[in-house]
Amino acid sequence: MISFSIEDLSSERKINIRKCAEWSEDCPISLDFLKEVHFLHKDFSGNNKSGSIIVLDEIANSVLSIFKDLFTIEFPIHKAVPIDFYNGSDVDSMNDNNTSGFNCRKVMNEDRWSSHSYGSAIDINPVQNPYIIINHESSDAKIFPKEGAKFLNRGLAEKGMTEPIVDIFLRYGFSEWGGNWRSPLDYHHFQIPWKKVFEMKALKKGKQ
């Protein structure tokens, strides 16, 4: 069982990412600037499981430390595999309650790159921590994934909810948590601030 390590993307992984259109020449960052972080995590039954997540190389050590801390406090993660296991589909990944990182895609219902496209964002347990689009005029809401509707009451402190781990992500530079947004609310989403993302992007362009 793989414990904790950081590796370059394998040739097979790069082929899979390109094949499922998770990455294309239009994407804002090269695959050469991504790392795969392997880690142990607890599942919801308390068993040790292997997981991995793809992130920007500059933050890979921080991400490794995050998952070491999550393992130490026995925070449960349902599943953690790269998004190419779902042919690049964020919807399918969320529906499977998968924890993920890099995915070159636009923000839902917008024409701008998601922070996942830079490998600078992580989604944790989407079912227990749903993405919610709120219409503040009508009070209607769209919930992704649908099963996340069971976890709208954030005061219940169900296993796998992200509220107890916000400080861990903050400690390692992920100072933006979607649970603090007004709309959408994105309880599973942690990201590096945009200013820092663009600084890293400029640095990467200089290396190419």
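Which residue in β3 does His41 stand opposite? The residue opposite His41 in β3 is Lys49. The model described here is predicted.

Strands of a sheet pair through backbone hydrogen bonds, in either a parallel or an antiparallel arrangement.

β2 and β3 form a hairpin, and five residues lie between them. The turn includes Gly46, whose phi is positive at about 85°.

## Overall fold

Five helices and 11 strands make up the secondary structure of the protein. Its radius of gyration is 16 Å, close to the 17 Å that the globule rule gives for 208 residues, so the protein is as compact as a globular protein of that length. Along the principal axes, the C-alpha atoms fill a box of roughly 45 × 40 × 30 Å.

Of the 208 residues, 51% are buried. Among contacts with a separation of 6 or more, 60% are between residues 24 or more positions apart.

## Surface and charge

The protein has an accessible surface of about 10,200 Å². Carbon and sulfur atoms contribute 48% of that surface.

There are 25 positive and 29 negative charges. The mean position of the positive charges and that of the negative charges are 2 Å apart.

## The three-stranded sheet

Three strands form an open sheet in the order β6-β11-β9, and their pairing is antiparallel. The edges are taken by β6 (121-123) and β9 (176-177); each has a single partner strand, so one side of each is left without a neighbour in the sheet.

The antiparallel pair of β9 and β11 (residues 189-191) is joined by two bridges. Within this sheet, Trp177 has Phe190 of β11 as its bridge partner. In a regular strand, side chains alternate between the two faces of the sheet.

Most peptide bonds are trans, and most residues other than glycine have a negative phi.

Pro145 is placed in the loop between β8 (140-144) and α4 (166-171). Pro184 is in the loop that lies between β9 and β10 (185-186).

## Positive phi at two asparagines

Asn87 is not a glycine, yet its phi is positive, at about 55°. The residue is located in the loop between β4 (79-80) and α3 (90-95). With a relative accessible area of 60%, Asn87 is exposed, since the cut-off for that class is over 50%.

Asn97 is another residue other than glycine with a positive phi, here near 55°. Its place is the loop between α3 and β5 (98-99). Is Asn97 buried or exposed? Asn97 has a relative accessible area of 6% and is buried, the limit for that class being under 20%. Asn87 is thus in the exposed class, whereas Asn97 is in the buried one.

Notes:
Residues are numbered from 1 along each chain as its sequence is written. This is a predicted model: local features need pLDDT of at least 70, side-chain atom pairs count only at pLDDT 80 or more; totals for chains, interfaces and linings use all residues. Side-chain values use heavy atoms; hydrogens and water are left out. Helices (H or I, at least four residues) and strands (E, at least two) are DSSP runs, numbered from the N terminus. The radius of gyration is taken over C-alpha atoms; the globule rule is 2.2 Å times the number of residues to the power 0.38. Buried means under 20% relative accessible area, exposed over 50%, partly exposed in between (1.4 Å probe, protein chains only). Contact means heavy atoms within 4.5 Å. Accessible areas come from the Shrake-Rupley method with a 1.4 Å probe; for residues, only the protein chains shown count as cover. Lys and Arg count as positive and Asp and Glu as negative; His and the chain ends are not counted. The place of a charge is taken as NZ of Lys, CZ of Arg, CG of Asp or CD of Glu. Two strands pair if DSSP finds at least two bridges between them.
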